[in-house]
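Okay, everyone, let me put this one up on the screen. I'd like to talk about rings today, and then about nonpolar side chains.

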Amino acid sequence: MTAASNFRQKTHFMKSWKPQRPPSNRDRLELYALHKQSVSGDAPTSDPPSASVADKAKLTAWRSKMGLSQQDAMEAYVVECERQVQLYGTRDDGSRSSAGGGGGNSGIGATTSSSQQQQQNNNQHNQQQSSGAPASSQSTPMYHSTTPQNTPAAQNNSNNNNGDDGVLLCPRGLAAIPLLCAAASESRSAYLARLQVTHPSNGWWAKQEPLCLEVNNPLSIPEKLIIGIACQIERISLVVSEYMGHGQAVSLLSPRVLQAFLWPVHNVFLSIWILWILVCTYLGSMVSMSQTLLFGAKRTNTPLGRLFLEEILPAARAVESLCEQHQTISVRMSGLALMPMMILCDVANGVVGRLGILVGSVVFVGMGACGWWYWLCVLPWLAVCSVCLAVMSGWCFGLIELSGN
């Protein structure tokens with residue numbers, strides 16, 4: 001089977017694929033980028049003037065594949081599809097899936113056997129042939145195709161986000177918060193079980209990247225610092241089994257003791273990352289709104305209404321969701337620390353309803369600027385204190401694990 005025909009078959013399968021849990025935005029954008037590179041080649045070098053936040057995120061992902069041949073992009077798309085099907089499972093009555101160790105977004109998700117995947121692919125391909133769908137030539141990779149919804153979909157020139165399940169309706173940092181909360185809810189036993197089957201080079205933190213800004217943006221350094229420190233902590237947890245345990249240099253202690261000690265630190269860094277995403281979104285909205293108030297929406301291409309709809313209100317609701325009872329203690333503490341931000345967003349939105357979008361925007365920027373000391377002084381201090389508390393509580397979990405041995 002040629003790469004083009006295999007690519008077509010996998011594309012048809014992904015259109016009807018129903019994962020057991022939603023793929024991360026990073027994985028959805030990865031599939032989107034590989035599909036667009038396979039079908040259309042290299043991405044345009046500049047963003048359209050009317051590009052929304054979601055459009056810019058998809059274009060950035062597409063440009064990351066620049067220079068990759070369409071043949072190689074097809075092969076990479078097929079490999080990535082198989083990886084995500086194994087990672088997120090298939091929500092289908094006819095398929096049997098088994099969950100691996102770990103919880104939330106830990107990277108050990110439900111898996112489907114390769115024979116079942118092949119059978120699903122064959123059934124989907126037969127349905128396409130029996131319905132009379134036209135088949136493209138195998139010798140040419142260029143054909144008209146819509147990107148599957150799980151990738152996320154929509155043609156690049158479409159600005160209509162309504163009804164498209166795969167298109168981000170808010171910045172990808174906000175869209176990733178539910179997944180980060182799910183990762184923070186991973187229990188200690190699930191965390192230890194996941195580390196036992198994870199290679200040191202394949203850690204969860206090692207796969208993460210800044211969500212608020214581009215990687216090469218200097219302002220993304222704090223977020224990269226959070227991810228980098230957490231990545232090193234996770235790496236210590238993964239390589240400790242080579243030096244501790246029966247037959248190793250330190251044979252008296254099990255590696256699970258140190259891993260249990262670092263488990264609360266891992267959860268706290270997830271909460272700090274969530275806190276940073278929301279603060280960065282809030283401050284970024286203030287800057288964008290100030291520019292629009294000064295220079296006008298036509299020059300900045302950022303209408304005030306869009307900022308309230310796509311960033312400010314989703315950020316307020318995200319903070320509210322952090323304080324729900326099912327969240328872990330570290331996530332709920334982050335929600336409490338960000339409660340002033342939610343109040344400011346709701347107050348500004350109330351002013352918009354009474355006095356209009358212009359007055360509400362001025363109130364939002366003014367109140368946010370008056371609270372600069374809270375965002376730049378209080379919240380970093382609280383983050384440092386939370387890491388110290390996590391280290392102190394880690395001793396308790398390490399002793400619990402030690403007594404269990």
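So, aromatic pairs: the count here comes to ten, taking rings of Phe, Tyr and Trp (its six-membered ring) with centres within 6.5 Å, where planes under 30 degrees apart are stacked, over 60 edge-to-face and the rest tilted. Before I go on, this is a predicted model, where local features need pLDDT of at least 70, side-chain atom pairs count only at pLDDT 80 or more, and totals for chains, interfaces and linings use all residues. Residues are numbered from 1 along each chain as its sequence is written, and side-chain values use heavy atoms, leaving out hydrogens and water.

Look at Trp373 and Tyr374: they're edge-to-face, 5.9 Å centre to centre, with 90 degrees between the planes. Tyr374 also pairs with Trp375, at 5.4 Å and 85 degrees, so that one is edge-to-face too. Which residues do ring pairs link into a cluster here? Tyr282, Phe308, Phe364, Trp373, Tyr374 and Trp375.

And burial? Tyr374 and Trp375 are both buried, meaning under 20% relative accessible area, with exposed over 50% and partly exposed in between (1.4 Å probe, protein chains only). Trp373 is partly exposed, at 45%.

Phe364 turns up again in the largest nonpolar core, 56 residues, among the members that touch the most others, along with Ile177, Trp205, Trp273 and Leu278. A core, by the way, is a set of buried Ala, Val, Leu, Ile, Met, Phe, Trp, Tyr and Cys residues joined through side-chain atoms within 4.5 Å. There's also a second, separate core of 14 residues, including Ala4 and Met74.
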